[in-house]
Amino acid sequence: MKLLEDKKGVVRVIEAFLASMLLMSCLAMIPAQPRLQDSTGNLASTAQNVLLSLNSNGHLATLVDNREWTNLKSSIESALPLTVWFNLTVFDENMHVLNDDFPICNGGAVSNSIVSVDYVCASQNSTYTIYILRLQLSQVGTI
Amino acid sequence: LPTSSFDTFFACTIILAAALIATGFVTSTMQVRIDNTKSINEESYLQAIADHIVTSPGTPNNWGTSSSVPADFGLATSHSTIPYELDIDKVTRLNSLNNYSISYFDMEIASKLNNIAIGIAVSQIMDVSIEQSSSSITGSGESFNLSISTSIDSEPVSASLNCYVVANNYLNNTTGSTSDMGLGSVPVQTPSGATNAMVIVFARASFDDRITSYAIYNLENSTQETVSSSDFLTLSPIDYKLNFSTNSSDLTIQDGYVFSYSHQQNLAYKPGAMQCPIPEIVDKSPLVVVVCGVNDGTYFQEWVSYPQVPFNAGSDFSGSQKNVFSYTVTINGVLYKLDISFGGVAS
C-alpha cells in the first residue's frame with residue numbers, strides 16, 4: 001500500500017520511457033532513406049544511349065528542324081521500354097522551349113525519381129542551328 | 001525494499017529493453033545499408049562491363065571477320081564514327097546457328113568474367129507479324145492474301161512494306177503499307193507448279209527509315225519462320241561471304257538471291273563452290289539471303305539473314321537473378337535492340 005502511494009519514482013520511469021522512445025524513433029528513421037542511386041544511374045545511361053543512337057546521323061536534329069514532333073515522339077518511344085516514362089523538351093540556343101504546344105511524353109510522371117539528361121545537337125542544314133534536347137526519364141513503379 | 005530502488009530497477013529494465021531493441025534495429029538497418037551499397041557497386045560495375053562490350057571493338061579489332069577467338073570481347077565497329085555502332089560480323093558470330101559462332105566459354109573468357117554469367121540478345125526494334133487471311137486458285141497459279149501487322153513493344157506503328165515472293169524459278173515483289181493501327185494487307189501470287197514458296201517481308205517504320213525489319217512467311221506450311229532454315233544446307237554469312245555446309249552428298253545449289261528493303265540482287269555463285277560473296281547493298285535494311293537447290297531430286301530453299309538477328313546467346317538465366325542493360329544500337333545503318341544480361345556477382 002505504501003509502495004503504491006509513493007509517486008517519487010514516476011518521473012524517472014517516464015524519463016526513461018521517453019528517452020527510449022526517442023532513441024527508437026531515431027533508429028527507425030534510418031532505413032527510410034531511399035535507394036535510388038542504382039536505378040537513376042542506369043536511366044541516365046539509357047537516356048544518353050537513346051539520344052546518341054537516334055541522332056547518329058542527325059536524325060533528331062532534322063526532325064526538330066521540320067518541327068515533326070509526332071515523329072520525334074515515335075522515335076523516342078521506339079527506343080525506350082514501356083516501363084519507362086519519358087518527357088522530351090526541345091530548346092533553342094537561347095533556351096526557349098520549341099515544343100511548347102506539343103508535349104513529347106508518354107503520360108504523366110509516375111515516380112519521384114526522375115533523371116534528366118541534356119543533349120546538344122546541331123541541324124544538318126547550312127544554318128547549323130543548335131538545339132538542346134532535355135530527356136527526362138523515370139522508371140514506372142518506383143517511388 | 002525502498003520504493004526508489006524499485007523505481008530505479010524498473011527504469012533500468014526499460015532502458016535495457018530499449019537498448020536490446022535498438023541493437024536489433026541497428027543490425028537490420030545496417031545490413032540493409034550494406035546490401036544497398038553492395039548492390040549499387042555491383043550495378044555500376046556490371047554497367048561498366050556492358051558499356052565496354054558495346055563501345056569497344058575488342059581485340060583484335062577485326063575478330064568478327066575471321067574464325068579466331070577474341071582476346072578481349074567487344075562488339076563495336078572499329079574506327080566507327082557513329083556512337084553505339086556494332087560490327088555486323090561480330091554480332092553475327094554470337095548466333096549459335098552460324099558455323100563461325102564463338103562459344104559461351106570463349107565469350108566468358110574474352111569478357112574477363114570469371115564467375116558472372118552473361119547473356120546477349122539482339123532483336124529487331126519493330127516486330128512484323130504475318131498471317132494468311134485467304135487463298136484461292138487462279139488460272140495461272142495460286143493467290144494469297146497476307147495480313148501483316150507491325151508493332152514496337154506491342155504498340156502498333158505504321159510502316160511501308162516491300163514483299164518478295166520466292167519460289168521454284170519464280171521471283172516477284174509487291175509493295176504495301178500498314179496503317180496507324182499497324183495493320184496492312186498484301187496480295188501475293190505464285191505460279192502453277194511453284195514449290196516451297198516463301199514471302200520475305202521488309203517493313204520500314206514511317207517515322208524513321210533506320211527502323212527496318214524483316215520477316216519470313218512460308219506459304220506452303222502457312223507459318224511464319226523466325227529461325228533461319230537449314231534442313232539441307234547451313235548458310236553462314238560472315239565478312240560479306242556466304243559459307244555453305246551440308247551433310248548431303250547429292251545436293252546441288254542452283255541459285256541464290258540477296259534481298260533488302262529496296263533492292264534485290266542475284267548471288268554470284270560458282271557451281272561447286274562452298275562459298276560465294278554477298279553483295280554490299282547500300283540500303284538501311286537487314287539483308288536476307290535465299291539459296292535454292294536440289295537435294296536428292298527434291299527442290300529446296302534455305303534462307304538466312306545478315307546480320308543473323310534475332311538471337312539469344314549465352315546464359316538463359318532460367319530461375320536465377322539477372323541484371324539487364326538495354327541499348328539501342330546501329331548495325332549497318334539499321335537500329336536494333338541489344339540486351340546484355342549478367343548474373344549475380346558471387347560473394
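**A cavity and its surrounding strands in a predicted model**

Strand β13 of chain B (residues 251-259) contributes 3 residues to the lining of the largest cavity, the most that any element gives; helices (H or I, at least four residues) and strands (E, at least two) are here DSSP runs, numbered from the N terminus. The model is a predicted one, in which local features need pLDDT of at least 70 and side-chain atom pairs count only at pLDDT 80 or more, while totals for chains, interfaces and linings use all residues. Residues are numbered from 1 along each chain as its sequence is written, chains are lettered from A and ligands numbered from 1 in the order in which they are written, and side-chain values use heavy atoms, with hydrogens and water left out.

A search of the whole structure finds 1 cavity of 30 Å³ or more, and the volume of the largest cavity is about 40 Å³. A cavity is a set of points, on a 1 Å grid over the protein atoms alone, where a 1.4 Å probe fits but cannot get out, and its lining residues have an atom within 4 Å of a point; grid points are joined across faces, edges and corners, and the volume is the space filled by probe spheres set on the points. The lining is formed by A167(B), N168(B), N169(B), Q254(B), D255(B), Y257(B), C292(B) and Y299(B). These residues divide into 4 nonpolar, 3 polar and 1 charged, where Ala, Val, Leu, Ile, Met, Phe, Trp, Tyr, Cys and Pro count as nonpolar, Asp, Glu, Lys and Arg as charged, and the others, Gly among them, as polar.

Elsewhere in chain B, strands β2 (residues 127-137) and β3 (residues 141-152) pair in the antiparallel sense over 10 bridges, two strands being paired if DSSP finds at least two bridges between them. A hairpin of 3 residues joins β2(B) to β3(B), and S135(B) stands opposite F144(B) in β3(B). Strand β3 of chain B also holds S143(B), which is buried at a relative accessible area of 16%; buried means under 20% relative accessible area, exposed over 50%, and partly exposed in between (1.4 Å probe, protein chains only). Apart from neighbours within four places in sequence, S143(B) is in contact (heavy atoms within 4.5 Å) with S134(B), S135(B), S136(B), T138(B), V188(B) and Q189(B). S151(B), likewise found in strand β3 of chain B, counts as buried at 18% relative accessibility, and its contacts beyond four places in sequence are I125(B), M126(B), D127(B), P156(B) and V157(B).

An open sheet of 3 strands in chain B has the order β11-β12-β15, with antiparallel pairing. Its edge strands, β11 (234-238) and β15 (275-277) of chain B, each pair on one side only. Strand β11(B) pairs with strand β12 (residues 241-245) of chain B over 5 bridges in the antiparallel sense, and the bridge partner of T234(B) in β12(B) is S245(B).

G193(B) lies between β7 (183-191) and β8 (198-205) of chain B, in the loop, and is exposed, with a relative accessible area of 67%.

Chain A, finally, has a secondary structure of 5 helices and 4 strands, whose elements run α-α-α-α-α-β-β-β-β from the N terminus on. Of the 143 residues in chain A, 41% are buried.

Definitions and conventions: 1 Å grid on protein atoms, 1.4 Å probe; cavity = no way out; pocket = protein on both sides within 12 Å on 5 of 7 lines; lining within 4 Å.
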